[in-house]
Amino acid sequence: MSLELGQVVAVVLAGGFGTRVAHLLPGVPKPMVPVAGRPFLEWVVRFLARQGIRKAVLSTGHLANVVEAHFRSQPVPGVCIECVAETQPLGTAGGFLYAVSRSHESPAAWLVLNGDSLVFAALGKVAAALDDPRVAGAVVGCEVPDASRYGTLAIGHGGELQGFSEKRPGKGVINAGIYLLRDSLVRELNGAPPLSFEKDVFPQLIERGVVLKACAVQAPFLDIGTPDSLRQAEAFVSQHRSEFSE
């Protein structure tokens, strides 16, 4: 049976400090920077709504109260939003697992993505990777002409994830920071925080022989981690309004 996105709970990682752009955003956590009339994080949630996701858990940290206050007063139609604030930095995987434990949800699969980036991948096609019962999760990679700012995915001949490579110039498939993981796999994950997906969790799973599918996509991509990319956000969102729910 194919996995429907309505069976998936998304966890949006929005707890970082945004050190490279913090001076531009006094009193505002990086994912909440105003872009085209709304906080950037709201555009992320509206993208999820457009794709058919009905529940989103926001994993917050730095200035968590700002995030929670916004979505309490301005909910996104069609999406149940819950905020879970970490009390200390837990890393990407640590923050995700803490949000999972506090949400008390048990969906067919969990979608993990970053609150400071947008990748317009067709999530239904990513979910199709889990039609194969041998596949425990899917990692989205984005094909880019210059991978110098990002780590790239090492992909096997059968499309399986073999690991993460360091930043290097030239064409490559970069880690888009979007992961779809079966609930049964998530329940097995553990480790002392801070815990990173890329440095801790995925290498250990690969070493154990757990099959993770690498889904390479050609899709518009933006992260707002640098002052230059932050300045591009307004035009990026405006040019892709059809990707978001109203």
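Guide: Helices (H or I, at least four residues) and strands (E, at least two) are DSSP runs, numbered from the N terminus. The model is a predicted one, in which local features need pLDDT of at least 70 and side-chain atom pairs count only at pLDDT 80 or more, while totals for chains, interfaces and linings use all residues. Residues are numbered from 1 along each chain as its sequence is written, and side-chain values use heavy atoms, with hydrogens and water left out.

Visitor: In which loop is Leu63 found, and is Leu63 buried or partly exposed?

Guide: Phi of Leu63 is near 55°, a positive value in a residue other than glycine. The loop that holds Leu63 runs between β4 (55-60) and α2 (64-73). Buried means under 20% relative accessible area, exposed over 50%, and partly exposed in between (1.4 Å probe, protein chains only). With a relative accessible area of 27%, Leu63 is therefore partly exposed.

Visitor: Does Ala36 count as buried or exposed?

Guide: Ala36 lies in the loop between β2 (34-35) and β3 (38-39). Although Ala36 is not a glycine, its phi is positive, about 50°. Its relative accessibility is 18%, so Ala36 counts as buried.

Visitor: How are α3 and α6 oriented to each other?

Guide: Helix α3 (residues 91-103) and helix α6 (residues 197-208) pack with their axes 7 Å apart, at an angle of about 75°. Axes are lines fitted to C-alpha atoms, for helices over the stretch in contact, and angles run from 0 to 180 degrees between N-to-C directions. Angles under 35 degrees count as roughly parallel, over 145 as roughly antiparallel, 65 to 115 as roughly perpendicular and the rest as oblique. The two helices, α3 and α6, are therefore roughly perpendicular.

Visitor: What is the radius of gyration of the protein chain?

Guide: The protein chain has seven helices and 13 strands. The radius of gyration is taken over C-alpha atoms, and the globule rule is 2.2 Å times the number of residues to the power 0.38. For 246 residues the globule rule gives 18 Å, and the chain is close to this, so it is as compact as a globular protein of that length, with a radius of gyration of 17 Å.
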